[in-house]
Amino acid sequence: MSDFKRNILVTGGAGFIGSHVVRLMVKKYHDYRIVNLDKLTYAGNLANLDDVAQSPNYCFVKADIADFEKVSSIISEYQIDGIIHLAAESHVDRSIKDPFTFARTNVMGTLSLLEAARRHWQSGDGDFAGKLFYHVSTDEVYGALELDSPEGEAPYGSELFLETTRYNPHSPYSASKASSDHFVRAYHDTYGLPVVISNCSNNYGPNQFPEKLIPLFINNICHNRPLPVYGRGENVRDWLYVEDHAEAIDLLFHNGRIGETYNIGGFNEWKNIDIVRLLVKIVDRLLGRSEGQSDSLITYVTDRAGHDLRYAIDSSKLAGELGWKPSLQFEEGLERTVRWYLDNRKWTEGVTSGDYLRYYQEMYGNR
Ligand code: NAD
Ligand code: TYD
(Lines give C-alpha, C1' and ligand atoms only; values in the text may rest on other atoms or scores of the structure.)
(Ligands and ions follow the chains in the order given, each with its own letter.)
Protein backbone atom coordinates (compact mmCIF):
# COMPACT_ATOMS: atom_id res chain seq x y z
CA MET A 1 0.00 0.00 0.00
CA SER A 2 1.16 3.52 -0.79
CA ASP A 3 1.57 6.05 2.04
CA PHE A 4 -0.14 8.65 -0.08
CA LYS A 5 -3.84 9.41 -0.27
CA ARG A 6 -3.59 9.53 -4.05
CA ASN A 7 -0.93 8.70 -6.64
CA ILE A 8 -1.28 10.97 -9.64
CA LEU A 9 0.60 10.51 -12.90
CA VAL A 10 1.16 13.78 -14.78
CA THR A 11 2.44 13.16 -18.31
CA GLY A 12 4.45 15.92 -20.00
CA GLY A 13 5.17 17.46 -16.60
CA ALA A 14 8.53 18.83 -17.73
CA GLY A 15 6.91 20.90 -20.50
CA PHE A 16 5.34 24.33 -20.39
CA ILE A 17 1.83 23.74 -19.01
CA GLY A 18 2.71 20.42 -17.38
CA SER A 19 5.36 22.02 -15.18
CA HIS A 20 2.84 24.54 -13.86
CA VAL A 21 0.36 21.74 -13.16
CA VAL A 22 3.01 19.67 -11.36
CA ARG A 23 4.16 22.64 -9.25
CA LEU A 24 0.60 23.54 -8.27
CA MET A 25 -0.26 19.99 -7.24
CA VAL A 26 3.00 19.21 -5.42
CA LYS A 27 2.64 22.38 -3.36
CA LYS A 28 -1.09 22.14 -2.76
CA TYR A 29 -1.57 18.44 -2.01
CA HIS A 30 1.10 17.18 0.37
CA ASP A 31 -0.82 13.95 0.80
CA TYR A 32 -0.71 13.17 -2.95
CA ARG A 33 2.31 11.70 -4.71
CA ILE A 34 2.82 13.46 -8.05
CA VAL A 35 4.67 11.27 -10.53
CA ASN A 36 5.94 13.25 -13.52
CA LEU A 37 6.34 11.06 -16.62
CA ASP A 38 8.15 12.79 -19.46
CA LYS A 39 10.29 11.76 -22.42
CA LEU A 40 12.27 15.02 -22.21
CA THR A 41 12.02 15.94 -25.86
CA TYR A 42 13.38 19.32 -26.95
CA ALA A 43 10.30 20.82 -25.20
CA GLY A 44 10.78 19.09 -21.85
CA ASN A 45 13.10 20.66 -19.34
CA LEU A 46 13.52 19.51 -15.75
CA ALA A 47 14.91 22.94 -14.83
CA ASN A 48 11.26 24.09 -15.02
CA LEU A 49 10.70 22.17 -11.78
CA ASP A 50 13.86 22.99 -9.81
CA ASP A 51 11.81 24.49 -6.98
CA VAL A 52 9.83 21.30 -6.31
CA ALA A 53 12.32 18.63 -7.42
CA GLN A 54 13.31 17.72 -3.86
CA SER A 55 9.76 17.61 -2.46
CA PRO A 56 8.97 14.25 -0.78
CA ASN A 57 5.67 13.97 -2.67
CA TYR A 58 7.26 14.41 -6.13
CA CYS A 59 9.15 12.06 -8.40
CA PHE A 60 10.24 12.01 -12.01
CA VAL A 61 10.29 9.08 -14.43
CA LYS A 62 11.76 9.40 -17.90
CA ALA A 63 9.57 7.48 -20.33
CA ASP A 64 7.85 7.64 -23.69
CA ILE A 65 4.04 7.51 -23.46
CA ALA A 66 3.99 5.43 -26.64
CA ASP A 67 5.99 2.69 -24.88
CA PHE A 68 3.06 0.60 -23.66
CA GLU A 69 5.09 -1.85 -21.54
CA LYS A 70 6.93 0.92 -19.75
CA VAL A 71 3.77 2.97 -19.13
CA SER A 72 2.03 -0.14 -17.78
CA SER A 73 4.87 -0.87 -15.37
CA ILE A 74 4.87 2.73 -14.10
CA ILE A 75 1.12 2.67 -13.43
CA SER A 76 1.56 -0.57 -11.53
CA GLU A 77 4.74 0.32 -9.63
CA TYR A 78 3.46 3.71 -8.42
CA GLN A 79 -0.12 2.49 -7.83
CA ILE A 80 -1.43 5.28 -10.01
CA ASP A 81 -5.12 6.10 -9.50
CA GLY A 82 -5.36 9.32 -11.51
CA ILE A 83 -3.75 10.47 -14.74
CA ILE A 84 -3.48 14.05 -15.95
CA HIS A 85 -2.34 13.65 -19.54
CA LEU A 86 -0.49 16.59 -21.07
CA ALA A 87 2.42 14.95 -22.92
CA ALA A 88 2.23 15.84 -26.58
CA GLU A 89 3.98 17.31 -29.53
CA SER A 90 2.46 20.77 -29.42
CA HIS A 91 3.79 23.10 -32.13
CA VAL A 92 1.76 23.54 -35.33
CA ASP A 93 4.78 24.52 -37.49
CA ARG A 94 6.63 21.38 -36.47
CA SER A 95 3.56 19.28 -37.25
CA ILE A 96 3.56 20.64 -40.80
CA LYS A 97 7.18 19.51 -41.24
CA ASP A 98 6.93 16.19 -39.39
CA PRO A 99 3.35 14.89 -39.02
CA PHE A 100 4.38 11.30 -38.19
CA THR A 101 5.92 12.30 -34.87
CA PHE A 102 2.62 13.98 -33.97
CA ALA A 103 0.57 10.91 -34.83
CA ARG A 104 2.96 8.70 -32.89
CA THR A 105 3.01 10.71 -29.67
CA ASN A 106 -0.40 12.36 -29.65
CA VAL A 107 -2.46 9.49 -31.02
CA MET A 108 -0.54 6.27 -30.31
CA GLY A 109 0.89 7.65 -27.06
CA THR A 110 -2.58 8.58 -25.78
CA LEU A 111 -3.93 5.18 -26.82
CA SER A 112 -1.09 3.42 -25.02
CA LEU A 113 -1.85 5.35 -21.80
CA LEU A 114 -5.59 4.68 -22.07
CA GLU A 115 -5.09 0.96 -22.57
CA ALA A 116 -2.55 0.70 -19.75
CA ALA A 117 -4.92 2.56 -17.40
CA ARG A 118 -7.88 0.38 -18.43
CA ARG A 119 -6.00 -2.87 -17.82
CA HIS A 120 -4.71 -1.80 -14.42
CA TRP A 121 -7.80 -0.05 -13.18
CA GLN A 122 -10.67 -2.27 -14.22
CA SER A 123 -11.63 -4.49 -11.31
CA GLY A 124 -13.11 -7.99 -11.62
CA ASP A 125 -16.68 -6.72 -11.75
CA GLY A 126 -15.72 -4.15 -14.37
CA ASP A 127 -15.85 -0.94 -12.39
CA PHE A 128 -13.23 1.77 -12.09
CA ALA A 129 -14.04 3.15 -8.64
CA GLY A 130 -11.84 6.05 -7.55
CA LYS A 131 -9.97 6.33 -10.85
CA LEU A 132 -9.79 9.19 -13.37
CA PHE A 133 -8.16 9.76 -16.75
CA TYR A 134 -8.03 13.52 -17.37
CA HIS A 135 -7.10 14.45 -20.93
CA VAL A 136 -5.76 17.93 -21.68
CA SER A 137 -6.61 19.08 -25.19
CA THR A 138 -6.82 22.20 -27.30
CA ASP A 139 -9.48 24.44 -28.85
CA GLU A 140 -7.71 23.90 -32.21
CA VAL A 141 -9.67 20.66 -32.69
CA TYR A 142 -12.74 22.77 -33.49
CA GLY A 143 -11.12 24.32 -36.57
CA ALA A 144 -11.30 28.01 -37.47
CA LEU A 145 -13.94 30.68 -36.95
CA GLU A 146 -14.80 33.58 -39.23
CA LEU A 147 -14.02 37.22 -38.56
CA ASP A 148 -17.18 39.32 -38.62
CA SER A 149 -18.66 42.32 -36.87
CA PRO A 150 -20.43 40.97 -33.84
CA GLU A 151 -22.43 42.39 -31.06
CA GLY A 152 -21.64 41.58 -27.46
CA GLU A 153 -18.42 40.58 -25.77
CA ALA A 154 -16.41 38.88 -28.51
CA PRO A 155 -14.67 41.64 -30.47
CA TYR A 156 -13.79 39.77 -33.67
CA GLY A 157 -16.76 37.52 -34.35
CA SER A 158 -20.11 36.43 -33.09
CA GLU A 159 -19.42 32.70 -33.10
CA LEU A 160 -17.47 30.99 -30.30
CA PHE A 161 -16.36 27.39 -29.85
CA LEU A 162 -18.77 25.49 -27.63
CA GLU A 163 -18.26 22.00 -26.21
CA THR A 164 -20.77 20.86 -28.81
CA THR A 165 -19.01 22.45 -31.79
CA ARG A 166 -18.25 19.87 -34.46
CA TYR A 167 -14.60 18.86 -34.69
CA ASN A 168 -12.96 20.24 -37.84
CA PRO A 169 -9.17 20.24 -37.38
CA HIS A 170 -6.93 21.64 -40.13
CA SER A 171 -3.30 21.14 -39.09
CA PRO A 172 -1.56 17.81 -38.47
CA TYR A 173 -1.23 18.98 -34.84
CA SER A 174 -4.94 19.65 -34.35
CA ALA A 175 -5.86 16.51 -36.30
CA SER A 176 -3.70 14.44 -33.95
CA LYS A 177 -5.21 16.09 -30.86
CA ALA A 178 -8.73 15.59 -32.25
CA SER A 179 -7.93 11.93 -32.80
CA SER A 180 -6.66 11.58 -29.23
CA ASP A 181 -9.85 13.21 -27.89
CA HIS A 182 -11.92 10.69 -29.85
CA PHE A 183 -9.94 7.79 -28.39
CA VAL A 184 -10.47 9.13 -24.87
CA ARG A 185 -14.23 9.35 -25.46
CA ALA A 186 -14.24 5.91 -27.06
CA TYR A 187 -12.63 4.44 -23.93
CA HIS A 188 -15.34 6.04 -21.83
CA ASP A 189 -18.18 4.91 -24.08
CA THR A 190 -16.83 1.42 -24.77
CA TYR A 191 -15.16 0.36 -21.51
CA GLY A 192 -16.62 2.83 -19.03
CA LEU A 193 -13.20 4.36 -18.27
CA PRO A 194 -13.84 7.48 -16.15
CA VAL A 195 -12.58 10.40 -18.23
CA VAL A 196 -12.74 14.19 -18.26
CA ILE A 197 -11.53 16.21 -21.27
CA SER A 198 -10.74 19.91 -21.42
CA ASN A 199 -10.06 21.98 -24.52
CA CYS A 200 -8.15 25.16 -23.83
CA SER A 201 -7.21 28.23 -25.84
CA ASN A 202 -3.64 29.54 -26.39
CA ASN A 203 -1.58 29.66 -23.20
CA TYR A 204 1.20 32.11 -22.42
CA GLY A 205 3.50 32.65 -19.44
CA PRO A 206 6.85 31.57 -17.97
CA ASN A 207 8.63 28.44 -19.25
CA GLN A 208 7.02 28.35 -22.69
CA PHE A 209 9.45 27.10 -25.28
CA PRO A 210 10.60 30.05 -27.43
CA GLU A 211 9.21 28.71 -30.70
CA LYS A 212 5.65 29.85 -29.91
CA LEU A 213 4.64 33.40 -30.76
CA ILE A 214 5.01 35.21 -27.43
CA PRO A 215 8.30 33.80 -26.07
CA LEU A 216 9.88 33.67 -29.55
CA PHE A 217 9.14 37.34 -30.12
CA ILE A 218 10.30 38.42 -26.64
CA ASN A 219 13.59 36.64 -27.28
CA ASN A 220 13.95 38.12 -30.77
CA ILE A 221 13.23 41.66 -29.58
CA CYS A 222 15.92 41.27 -26.90
CA HIS A 223 18.43 40.17 -29.56
CA ASN A 224 17.31 42.73 -32.17
CA ARG A 225 16.24 39.91 -34.47
CA PRO A 226 13.34 40.20 -36.96
CA LEU A 227 9.85 39.30 -35.75
CA PRO A 228 8.36 36.99 -38.43
CA VAL A 229 4.62 37.82 -38.51
CA TYR A 230 2.80 35.28 -40.65
CA GLY A 231 0.61 36.76 -43.42
CA ARG A 232 -0.77 40.16 -42.39
CA GLY A 233 -0.90 39.39 -38.68
CA GLU A 234 -4.71 39.44 -38.82
CA ASN A 235 -5.24 36.00 -37.24
CA VAL A 236 -7.03 36.03 -33.92
CA ARG A 237 -6.37 33.85 -30.88
CA ASP A 238 -7.86 33.71 -27.38
CA TRP A 239 -5.09 33.88 -24.75
CA LEU A 240 -4.98 32.52 -21.21
CA TYR A 241 -2.25 32.86 -18.58
CA VAL A 242 -0.76 29.40 -17.94
CA GLU A 243 -1.34 29.45 -14.16
CA ASP A 244 -5.04 30.08 -14.77
CA HIS A 245 -5.09 26.98 -16.98
CA ALA A 246 -3.34 24.95 -14.28
CA GLU A 247 -5.96 26.10 -11.73
CA ALA A 248 -8.75 25.06 -14.08
CA ILE A 249 -7.15 21.63 -14.56
CA ASP A 250 -6.90 21.15 -10.79
CA LEU A 251 -10.54 22.15 -10.37
CA LEU A 252 -11.74 19.84 -13.14
CA PHE A 253 -9.59 16.94 -12.04
CA HIS A 254 -11.34 17.04 -8.67
CA ASN A 255 -14.82 18.25 -9.60
CA GLY A 256 -15.40 17.74 -13.32
CA ARG A 257 -18.31 15.49 -14.23
CA ILE A 258 -17.19 12.11 -15.56
CA GLY A 259 -17.51 11.74 -19.33
CA GLU A 260 -17.82 15.50 -19.84
CA THR A 261 -15.85 17.94 -21.94
CA TYR A 262 -15.10 21.46 -20.69
CA ASN A 263 -13.82 24.43 -22.68
CA ILE A 264 -11.25 26.65 -20.96
CA GLY A 265 -10.53 30.13 -22.28
CA GLY A 266 -9.87 33.71 -21.36
CA PHE A 267 -12.65 35.59 -23.20
CA ASN A 268 -9.56 37.43 -24.41
CA GLU A 269 -9.25 37.64 -28.19
CA TRP A 270 -6.32 39.40 -29.81
CA LYS A 271 -5.06 39.88 -33.35
CA ASN A 272 -1.47 38.68 -33.64
CA ILE A 273 -0.20 42.03 -34.88
CA ASP A 274 -1.72 43.84 -31.88
CA ILE A 275 0.03 41.44 -29.52
CA VAL A 276 3.30 41.95 -31.35
CA ARG A 277 3.00 45.75 -31.08
CA LEU A 278 2.19 45.49 -27.38
CA LEU A 279 5.14 43.13 -26.80
CA VAL A 280 7.53 45.48 -28.57
CA LYS A 281 6.34 48.32 -26.34
CA ILE A 282 6.69 46.35 -23.10
CA VAL A 283 10.10 44.85 -23.91
CA ASP A 284 11.52 48.19 -25.09
CA ARG A 285 10.28 49.92 -21.93
CA LEU A 286 11.65 47.24 -19.60
CA LEU A 287 15.01 47.25 -21.41
CA GLY A 288 15.21 51.05 -21.17
CA ARG A 289 15.08 51.46 -24.93
CA SER A 290 13.37 54.48 -26.50
CA GLU A 291 9.70 54.03 -27.41
CA GLY A 292 9.23 52.47 -30.83
CA GLN A 293 12.90 51.52 -31.17
CA SER A 294 12.13 47.89 -32.04
CA ASP A 295 9.10 48.54 -34.28
CA SER A 296 11.24 48.08 -37.36
CA LEU A 297 11.89 44.44 -36.36
CA ILE A 298 8.32 43.56 -37.36
CA THR A 299 8.63 41.62 -40.62
CA TYR A 300 5.69 40.18 -42.55
CA VAL A 301 6.55 36.75 -43.90
CA THR A 302 4.84 34.03 -45.94
CA ASP A 303 1.74 32.80 -44.16
CA ARG A 304 1.64 29.44 -42.37
CA ALA A 305 0.06 26.73 -44.56
CA GLY A 306 -3.58 26.16 -43.55
CA HIS A 307 -3.34 29.00 -41.02
CA ASP A 308 -6.54 29.04 -38.91
CA LEU A 309 -8.04 32.53 -39.00
CA ARG A 310 -9.67 32.79 -35.61
CA TYR A 311 -10.01 30.77 -32.40
CA ALA A 312 -12.43 31.96 -29.74
CA ILE A 313 -13.75 29.88 -26.92
CA ASP A 314 -16.80 29.95 -24.73
CA SER A 315 -15.86 28.67 -21.28
CA SER A 316 -19.17 29.46 -19.59
CA LYS A 317 -19.88 25.78 -18.84
CA LEU A 318 -16.80 25.66 -16.59
CA ALA A 319 -17.61 29.07 -15.10
CA GLY A 320 -21.23 28.09 -14.46
CA GLU A 321 -20.56 24.65 -12.98
CA LEU A 322 -17.41 25.32 -10.98
CA GLY A 323 -17.11 29.09 -10.72
CA TRP A 324 -13.74 29.22 -12.52
CA LYS A 325 -12.61 32.44 -14.18
CA PRO A 326 -9.26 33.80 -15.35
CA SER A 327 -7.47 35.78 -12.64
CA LEU A 328 -5.34 38.08 -14.79
CA GLN A 329 -5.93 40.83 -17.35
CA PHE A 330 -3.93 40.11 -20.51
CA GLU A 331 -1.78 43.27 -20.31
CA GLU A 332 -0.80 42.39 -16.74
CA GLY A 333 -0.07 38.75 -17.64
CA LEU A 334 1.98 39.79 -20.64
CA GLU A 335 4.09 42.20 -18.60
CA ARG A 336 4.62 39.49 -15.96
CA THR A 337 5.67 37.08 -18.73
CA VAL A 338 8.11 39.55 -20.31
CA ARG A 339 9.68 40.22 -16.89
CA TRP A 340 10.12 36.48 -16.35
CA TYR A 341 11.91 36.04 -19.67
CA LEU A 342 14.14 39.07 -19.02
CA ASP A 343 15.01 37.76 -15.55
CA ASN A 344 15.61 34.21 -16.79
CA ARG A 345 17.72 34.65 -19.89
CA LYS A 346 19.85 31.66 -18.91
CA TRP A 347 16.76 29.46 -19.19
CA THR A 348 16.15 30.67 -22.74
CA GLU A 349 19.81 30.31 -23.66
CA GLY A 350 19.76 26.76 -22.30
CA VAL A 351 16.75 25.64 -24.29
CA THR A 352 17.69 27.43 -27.51
CA SER A 353 21.15 25.95 -27.86
CA GLY A 354 21.95 22.93 -30.00
CA ASP A 355 19.00 21.10 -31.43
CA TYR A 356 16.63 24.03 -31.44
CA LEU A 357 19.03 26.46 -33.09
CA ARG A 358 19.49 24.02 -35.97
CA TYR A 359 15.71 23.69 -36.33
CA TYR A 360 15.20 27.46 -36.19
CA GLN A 361 17.81 28.09 -38.88
CA GLU A 362 16.27 25.42 -41.09
CA MET A 363 12.82 27.02 -40.71
CA TYR A 364 13.73 30.68 -40.92
CA GLY A 365 17.31 30.87 -42.25
CA ASN A 366 19.19 33.54 -40.35
CA ARG A 367 16.32 35.97 -39.82
P1 NAD B 1 5.09 21.44 -24.51
O2 NAD B 1 5.50 21.12 -25.92
O3 NAD B 1 5.68 22.62 -23.83
O4 NAD B 1 5.41 20.18 -23.56
C5 NAD B 1 5.13 18.88 -23.94
C6 NAD B 1 5.82 17.93 -22.96
O7 NAD B 1 5.52 16.59 -23.36
C8 NAD B 1 7.35 18.06 -22.96
O9 NAD B 1 7.83 18.05 -21.64
C10 NAD B 1 7.81 16.82 -23.72
O11 NAD B 1 9.10 16.37 -23.31
C12 NAD B 1 6.72 15.83 -23.38
N13 NAD B 1 6.60 14.78 -24.40
C14 NAD B 1 6.53 14.93 -25.74
N15 NAD B 1 6.44 13.72 -26.34
C16 NAD B 1 6.42 12.79 -25.32
C17 NAD B 1 6.32 11.38 -25.32
N18 NAD B 1 6.24 10.67 -26.45
N19 NAD B 1 6.33 10.76 -24.11
C20 NAD B 1 6.43 11.45 -22.96
N21 NAD B 1 6.54 12.79 -22.92
C22 NAD B 1 6.53 13.45 -24.10
O23 NAD B 1 3.51 21.50 -24.55
P24 NAD B 1 2.51 22.42 -23.73
O25 NAD B 1 2.34 23.70 -24.46
O26 NAD B 1 2.89 22.43 -22.31
O27 NAD B 1 1.15 21.60 -23.92
C28 NAD B 1 0.79 20.57 -23.00
C29 NAD B 1 -0.53 19.99 -23.42
O30 NAD B 1 -1.53 21.01 -23.43
C31 NAD B 1 -0.52 19.38 -24.82
O32 NAD B 1 -1.31 18.22 -24.79
C33 NAD B 1 -1.18 20.45 -25.69
O34 NAD B 1 -1.84 19.88 -26.79
C35 NAD B 1 -2.16 21.06 -24.69
N36 NAD B 1 -2.51 22.47 -24.94
C37 NAD B 1 -1.54 23.41 -25.13
C38 NAD B 1 -1.90 24.75 -25.31
C39 NAD B 1 -0.85 25.83 -25.47
O40 NAD B 1 -1.20 26.97 -25.76
N41 NAD B 1 0.43 25.54 -25.26
C42 NAD B 1 -3.24 25.11 -25.34
C43 NAD B 1 -4.23 24.12 -25.15
C44 NAD B 1 -3.84 22.80 -24.94
P1 TYD C 1 1.61 29.78 -31.96
O2 TYD C 1 2.21 30.41 -30.75
O3 TYD C 1 2.47 28.89 -32.79
O4 TYD C 1 0.30 29.04 -31.48
P5 TYD C 1 -0.91 28.39 -32.39
O6 TYD C 1 -0.43 28.20 -33.76
O7 TYD C 1 -1.13 27.11 -31.68
O8 TYD C 1 -2.05 29.35 -32.27
O9 TYD C 1 1.09 30.94 -32.90
C10 TYD C 1 0.16 31.91 -32.45
C11 TYD C 1 -0.21 32.77 -33.62
O12 TYD C 1 0.94 33.51 -34.04
C13 TYD C 1 -0.64 31.98 -34.85
O14 TYD C 1 -1.68 32.68 -35.52
C15 TYD C 1 0.60 31.94 -35.72
C16 TYD C 1 1.29 33.24 -35.40
N17 TYD C 1 2.76 33.23 -35.48
C18 TYD C 1 3.44 34.18 -36.25
O19 TYD C 1 2.82 35.06 -36.87
N20 TYD C 1 4.81 34.12 -36.31
C21 TYD C 1 5.52 33.16 -35.65
O22 TYD C 1 6.78 33.13 -35.76
C23 TYD C 1 4.81 32.18 -34.85
C24 TYD C 1 5.55 31.11 -34.10
C25 TYD C 1 3.44 32.26 -34.79
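Select Asp 38 and ligand 1. A polar side-chain atom of Asp 38 sits 2.5 Å from an oxygen atom of the ligand. That is a polar contact, meaning a pair of N or O atoms within 3.5 Å; within protein, one must be able to donate a hydrogen and the other to accept it, and residues adjacent in sequence count only if both atoms are side-chain atoms.

Before you go on, note that this is a predicted model: local features need pLDDT of at least 70, side-chain atom pairs count only at pLDDT 80 or more, and totals for chains, interfaces and linings use all residues. Residues are numbered from 1 along each chain as its sequence is written, chains are lettered from A and ligands numbered from 1 in the order in which they are written, and side-chain values use heavy atoms, with hydrogens and water left out.

**Stop 1: around ligand 1**

One of its polar side-chain atoms is 2.9 Å from a nitrogen atom of ligand 1. How much of ligand 1 does the protein cover? It covers 97% of the 840 Å² of accessible area that ligand 1 has on its own. Such areas come from the Shrake-Rupley method with a 1.4 Å probe; for residues, only the protein chains shown count as cover.

Now show the whole shell. There are 28 residues around ligand 1, and Ile 17, Asp 38, Ser 90, Tyr 173 and Lys 177 come nearest. A residue is near a molecule or strand if one of its heavy atoms lies within 4 Å of it. Colour the shell by class: 13 residues are nonpolar, eleven polar and four charged. Ala, Val, Leu, Ile, Met, Phe, Trp, Tyr, Cys and Pro count as nonpolar, Asp, Glu, Lys and Arg as charged, and the others, Gly among them, as polar.

Switch to a cartoon view. Helix H1 (16-28), strand E5 (132-138), helix H5 (172-191) and strand E7 (202-204) each give at least two residues to this shell. Which element gives the most? E5 does, with three residues. Helices (H or I, at least four residues) and strands (E, at least two) are DSSP runs, numbered from the N terminus.

**Stop 2: around ligand 2**

Move to ligand 2. Select Glu 140: an N or O atom in its side chain is 2.5 Å from an oxygen atom of ligand 2. Arg 304 also has a side-chain N or O atom 2.5 Å from a ligand 2 oxygen. For Arg 237, a polar side-chain atom is 2.8 Å from an oxygen atom of ligand 2. Alone, ligand 2 exposes 510 Å², and the protein buries 97% of that. Helix H6 (213-222) and strand E8 (227-230) are the elements that supply two or more residues to its shell.

Show all 18 residues around ligand 2; among the nearest are Pro 228 and His 307. This shell has eight nonpolar, five polar and five charged residues.

**Stop 3**

Find Ser 72 in helix H2 (residues 68-77). Is Ser 72 buried or exposed? Ser 72 is buried, at 11% relative accessible area. Buried means under 20%, exposed over 50%, and partly exposed in between (1.4 Å probe, protein chains only). Leaving aside neighbours within four places in sequence, Ser 72 is in contact (heavy atoms within 4.5 Å) with Ala 116 and His 120.

Jump to Asn 207, in the loop between E7 and H6. Asn 207 is not a glycine, yet its phi is positive, about 70 degrees. With a relative accessible area of 7%, Asn 207 is buried.

Finish at Phe 267, in the loop between strand E10 (261-264) and strand E11 (269-271). Phe 267 has a positive phi of about 45 degrees although it is not a glycine. Phe 267 is partly exposed, at 45% relative accessibility.
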